[in-house]
Amino acid sequence: VQDTFLCVKPDGVERGLIGEMIVRFERKGLQLVGMKMITPSRSLIETHYAEHRGKGFFNGICEYMSGHPVVAMVWRGVDAISVCRTVIGATNPTKAAMGTIRGDFGMQTGRNLIHGSDGPESAAREIGLWFRPEEIT
Ligand code: ATP
Ligand code: MG
C-alpha cells in the first residue's frame with residue numbers, strides 16, 4: 001500500500017470539477033486520507049516543481065499554480081502512485097486517453113487540471129511539503 005499526493009489545480013477548482021475528480025478516485029477504490037483547500041505561495045509552488053526549474057515552462061507553471069485556490073490531497077491504496085497517474089492521464093490533455101481526467105476535461109498542457117506524484121520519492125517529498133503528519137489519517 002502506498003500514499004500519493006494529488007493536487008486539483010486552479011483550473012480544476014474554477015471549473016467546478018473537484019467533486020468529479022474525487023468521485024473517480026473513490027470509485028476506483030482508493031482511499032482519501034488527507035485533503036485541504038489552500039492558496040499556495042509562489043515559494044511553495046517553486047519548491048513543489050523544483051525538478052522543472054530552468055525549463056521554459058517553469059515561470060508559466062508557477063504563475064498558474066500560485067495565488068489561486070487548489071485542493072491538496074493524499075490518496076492511499078495498492079500501487080496508488082501509478083494508479084492515480086493512470087486515472088489522471090497524459091500530461092498533454094489533447095493526447096490523453098478519453099476516460100482519463102485530462103482526456104475527458106482538458107485541452108491545454110498548461111491547464112491540465114490535476115497533479116499527481118510520479119514516483120515513491122516524489123510522493124514522499126510532496127506529502128511532506130504540503131501536509132503535516134497530523135493532517136493525514
Ligand atoms: P504534474 O507534475 O503536474 O502532475 P506531469 O507529471 O504530467 O504533471 P510534468 O512533466 O511533471 O508533467 O510537468 C509538470 C507540469 O508542468 C505539467 O502538468 C504542466 O502543467 C506543465 N508543463 C509541462 N510541460 C509543459 C509544456 N511543454 N508547456 C506548458 N506547460 C507544461
Ligand atoms: Mg510531474
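Gly 12 counts as buried, with 23 C-beta neighbours inside 10 Å. Its place is in helix 1, residues 10-14. The model is predicted.

**Around Gly 12**
- Leaving aside neighbours within four places in sequence, Gly 12 is in contact with Leu 17, Ile 18, Met 21, Leu 113 and Ile 114.
- Gly 12 and Met 98 are 86 residues apart along the chain. Their C-alpha atoms are separated by 17 Å.

**The shell of ligand 1**
- Ligand 1 is surrounded by His 52, Phe 57, Ile 61, Thr 91, Thr 109, Gly 110, Asn 112, His 115, Gly 116 and Asp 118.
- By class, this shell has 2 nonpolar, 7 polar and 1 charged residues.

**His 115**
- His 115 is one of the residues around ligand 1.
- An unreviewed UniProt entry places the feature "active site" at His 115.
- His 115 is found in strand 4, which spans residues 114-116.
- With 22 other C-beta atoms within 10 Å, His 115 is buried, because the cut-off for burial is 20 or more.
- Not counting residues up to four places away in sequence, His 115 touches Leu 6, Cys 7 and Lys 9.

**Helix 5 and its buried face**
- Helix 5 covers residues 80-88. Its buried residues are Ala 80, Ile 81, Cys 84, Val 87 and Ile 88.
- Seen down the helix axis, these buried residues fall within an arc of 130°, so they line one face of helix 5.
- The cover over them includes strand 1 (2-8), helix 2 (18-28) and strand 3 (70-77). It also includes helix 6 (101-105), strand 4 (114-116) and helix 7 (120-130).
- Cys 84 touches Thr 4, Leu 6, Phe 25, Leu 30, Trp 75 and Gly 116, not counting residues up to four places away in sequence.
- Just after helix 5, Gly 89 takes a positive phi of about 95°.

**The largest nonpolar core**
- This core holds 26 residues.
- Phe 5, Leu 6, Cys 7, Trp 75, Cys 84, Ile 101 and Ile 114 touch the most other members.
- At least two residues each come from strand 1, helix 2, helix 4 (58-65), strand 3, helix 5, helix 6 and helix 7.

- Most residues other than glycine have a negative phi.
- Asp 79 has a positive phi of about 55° although it is not a glycine. Asp 79 lies in the loop between strand 3 and helix 5. It counts as partly exposed, with 13 C-beta neighbours inside 10 Å.
- Leu 113 also has a positive phi, near 75°, and is a residue other than glycine. Its place is in the loop between helix 6 and strand 4.

**An exposed position: Val 23**
- Which helix holds Val 23? Val 23 is in helix 2.
- With 10 C-beta neighbours inside 10 Å, Val 23 counts as exposed.
- Val 23 and Arg 125 are 102 residues apart along the chain. Their C-alpha atoms are separated by 25 Å.

Definitions and conventions
Residues numbered from 1 in each chain as written. Chains lettered and ligands numbered in written order. Predicted model: local features only at pLDDT ≥ 70, side-chain atom pairs only at ≥ 80, totals over all residues. Near = placed C-beta within 6 Å. Nonpolar A, V, L, I, M, F, W, Y, C, P; charged D, E, K, R; others polar. Buried ≥ 20, exposed ≤ 12 C-beta atoms within 10 Å, placed from the backbone. Helix = DSSP H or I, 4+ residues; strand = E, 2+ residues; numbered from the N terminus. Arc of directions from axis to C-beta. Contact = placed C-beta atoms within 7 Å. Core = buried A, V, L, I, M, F, W, Y, C linked by C-beta atoms within 7 Å. UniProt positions renumbered as here; feature names shortened; annotations may be inferred.
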